[in-house]
Amino acid sequence: MMGLSTKARGRWHQIMPELGIDARFLKKKNGPCPMCGGKDRWRFSDLGGNGTWWCNRCGGGGGVALAMQFTGLPFKEVARRIEHIIGDAPVARPRTGAIGRVNTRRPQRAVAKRRPNTSL
Ligand SMILES: [Zn+2]
């Protein structure tokens, strides 16, 4: 099973507004913190699509940590909401056609060429 942060990777700009964090906070620019306000103590860096953020007062972390801190909900509940937002559809599975078609490629056998054992 895939971890929550793996599933949510690269999708925080979709997830955060659904959790109540306005899109204007999701910028790679210093600004007010969605949790404690201020003027320029906050930054949403989203490194590697992991929703990373930093606030000089609240601390920082990844997208899941932000969702928890912003909503004040326990991990389980936050995970449930995020899963709901991104849906349960697997990311890397083609949906069109080929139902039940299984790739039956035989594993390549290493052909070990035996040298003729010439005993002279
Ligand atoms: Zn803050």
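Predicted model: local features only at pLDDT ≥ 70, side-chain atom pairs only at ≥ 80, totals over all residues.
Four strands form an open sheet. Their order is β1-β2-β3-β4, and the pairing is antiparallel. Strands β1 (31-33) and β4 (59-61) sit at the edges, each pairing on one side only. On average, neighbouring strands of this sheet are turned by 40 degrees against each other, direction ignored.

Strand β3 spans residues 53-55 and runs antiparallel to β4. Three bridges join β3 to β4. W54 has its bridge partner in β4, namely G60. In general, strands of a sheet pair through backbone hydrogen bonds, either parallel or antiparallel.

**The helix pair**

Helix α2 covers residues 12-19, and helix α4 covers residues 75-86. Their axes come within 10 Å and cross at roughly 120 degrees. Angles of 65 to 115 degrees count as roughly perpendicular and those over 145 as roughly antiparallel, so α2 is oblique to α4. The crossing of α2 past α4 is right-handed.

| Helix | Residues in the contact |
|---|---|
| α2 | Q14, I15, E18, L19 |
| α4 | R81, I82, I85, I86 |

What is the make-up of the contact of α2 with α4, in nonpolar, polar and charged residues? Five residues are nonpolar, one is polar and two are charged. Among the residues of this contact are E18 of α2 and R81 of α4.

Note on methods
Residues numbered from 1 in each chain as written. Pairing = 2+ DSSP bridges. Helix = DSSP H or I, 4+ residues; strand = E, 2+ residues; numbered from the N terminus. Axes fitted to C-alpha atoms, helices over the stretch in contact; angles between N-to-C directions. Parallel < 35°, antiparallel > 145°, perpendicular 65-115°, else oblique. Left-handed = near helix turned anticlockwise from the far one by under 90°. Contact = placed C-beta atoms within 7 Å. Nonpolar A, V, L, I, M, F, W, Y, C, P; charged D, E, K, R; others polar.
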